[in-house]
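Please open the model in a viewer with the sequence panel beside it.

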Amino acid sequence: MIYFDNSATTLIDPSVLKTYEKVSQDFWGNPSSLHSLGDRAQQILQMARQQIADILNCQPGEIYFTSGGSEGDNWVIKGTALEKRQFGNHIIATSIEHPAVTNSLQQLEKLGFEVTYLPVDRTGHINPDDVRAALRPETILVTIMAVNNEVGAIQPLKEVAEILKAYPSVHFHVDAVQAVGKNLGFLLQEDRIDFMTFSGHKFHAPRGTGFIYAKKGRRLAALINGGGQENNWRSGTENTPAIVAMARALRLATTDESQKAQKQNQIRQLLYKHLQKLDNVVIFSQLGTDFAPHILCFAIPGVRGETIVHAFEQEGIYLSTTSACSSRSSAESVTLAAMHVPDKIATSAVRVSLDSTNTLEEMQEFIKTLDKIYQHFQVLN
């Protein structure tokens with residue numbers, strides 16, 4: 001099996017799974033309980049929080065555990081809207097955000113909030129000047145993803161952060177779900193960023209794990225109320241073994257990160273250069289430094305994306321259409337539509353997404369299979 005769908009999810013790391021099992025057996029008390037079992041669970045929970053904070057170079061009190069990227073995006077966006085609604089009702093986002101962001105914004109629009117969706121160019125990047133032009137006195141939030149999950153475009157976060165320094169009351173949220181382990185930490189170290197969303201299953205942690213970074217001094221309204229966990233911001237008994245396992249997975253993902261990203265980029269370049277030789281192929285991702293090293297999106301016009309996915313699956317190779325979150329519902333690619341890709345080409349798009357566990361040999365095998373599939377469909381066409 002060759003697995004090239006790592007942007008959808010990753011296989012849990014064996015050592016991370018062992019950590020999960022050990023903590024489940026040895027620290028099974030409720031961290032909120034006052035007895036010794038609760039104390040032990042609370043201690044290891046806070047150790048995981050400290051470890052994540054050290055990796056992100058922030059304070060442990062700025063890390064809040066969630067169930068994943070979707071909850072994190074919902075929380076920051078709706079929590080900001082509720083917390084700051086007396087100050088304004090305007091939000092700025094890009095036109096290529098993940099559904100967790102766009103669907104949250106659409107829900108807020110029904111409640112009277114106004115949203116400006118920034119356009120992207122034909123490579124999938126926003127223009128920072130559009131952020132400046134969209135800002136209003138009633139703007140309360142700017143939300144921009146770090147790395148687009150469909151084509152891999154890295155957004156100009158530093159330039160946006162520089163603009164927002166003149167607007168200190170506006171929350172700046174970054175969806176960083178696709179950025180972990182890709183040597184993009186420099187993007188996330190910008191002091192002007194107030195909130196970041198992370199999802200554990202994107203870096204070999206258990207499903208249903210995640211966290212947000214929330215800068216000290218910034219406020220969010222709670223969306224989940226109850227026993228007052230997570231400093232009264234996010235109630236619910238903590239999934240201690242999964243959180244501890246996630247902390248370990250994050251440490252592993254960020255160890256030797258630059259070398260891992262370089263390896264993924266080399267594998268991606270091999271495919272990119274081969275695709276360039278094929279006449280009836282359109283490539284949406286590029287090789288520049290403004291694209292992540294692990295995502296390559298392309299299309300074979302005239303062949304639907306799901307047909308290509310299943311053709312590779314029959315050969316034991318797994319990739320996806322542009323987004324795993326929309327593929328089963330046959331939803332159109334929001335990103336490619338925003339990039340003004342004609343629908344008849346966008347429906348043919350597929351995404352290869354790599355990980356540090358992938359090899360050049362796997363890509364060479366992929367290319368052999370690609371040539372066979374490509375020739376088959378050219379004959380049919």
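The model is predicted: local features need pLDDT of at least 70 and side-chain atom pairs count only at pLDDT 80 or more, while totals for chains, interfaces and linings use all residues. Residues are numbered from 1 along each chain as its sequence is written, and side-chain values use heavy atoms, with hydrogens and water left out.

**Stop 1: the second largest pocket**

The volume of the second largest pocket is about 430 Å³. Among its 25 lining residues, select N6, L11, H204, D355 and T357, the closest to the centre of this pocket. A pocket is an open set of points on a 1 Å grid over the protein atoms alone, with protein on both sides within 12 Å along at least five of seven lines; a lining residue has an atom within 4 Å of a point. A volume is the space filled by probe spheres set on the points, which are joined across faces, edges and corners.

Helix α8 gives the largest share of this lining, 3 residues. Colouring the lining by class shows 12 nonpolar, 7 polar and 6 charged residues. Here Ala, Val, Leu, Ile, Met, Phe, Trp, Tyr, Cys and Pro count as nonpolar, Asp, Glu, Lys and Arg as charged, and the others, Gly among them, as polar.

**Stop 2: the cavities**

The structure holds 2 cavities of 30 Å³ or more, a cavity being a set of grid points where a 1.4 Å probe fits but cannot get out. For the largest, of about 70 Å³, select N6, S7, T10, V177, Q178, V180, K182, K202, H294, L354 and D355. This lining has 3 nonpolar, 5 polar and 3 charged residues.

Next select D26, F27, W28, G29, L37 and R40, which line the second largest cavity; its space is about 30 Å³. Keep F27 and R40 displayed: R40 lies over the face of F27, at 4.5 Å from the ring centre. For Arg, this requires CZ within 6 Å of the ring centre and within 35 degrees of the ring normal.

**Stop 3: aromatic pairs**

Now display the aromatic rings, which form 6 pairs. Rings of Phe, Tyr and Trp (its six-membered ring) pair if their centres lie within 6.5 Å; planes under 30 degrees apart count as stacked, over 60 as edge-to-face and the rest as tilted.

Why is the pair of Y64 and W233 stacked? The ring centres are 4.5 Å apart and the planes are at 10°, so the pair falls in that class. Y64 lies in strand β2 (residues 63-66) and W233 in the loop between β8 (210-214) and α8, so the pair ties together parts 169 residues apart in sequence. Y64, at 6% relative accessibility, is buried (under 20% relative accessible area, 1.4 Å probe, protein chains only), and W233 is buried at 7%.

W75 belongs to helix α3 (residues 69-84), 158 residues from W233. W75 is also buried, at 2%.

Finally, select F4, F312 and F366, which ring pairs link into a cluster.

Conventions
Helix = DSSP H or I, 4+ residues; strand = E, 2+ residues; numbered from the N terminus. Buried < 20%, exposed > 50% of the residue type's maximum accessible area, 1.4 Å probe, protein only.
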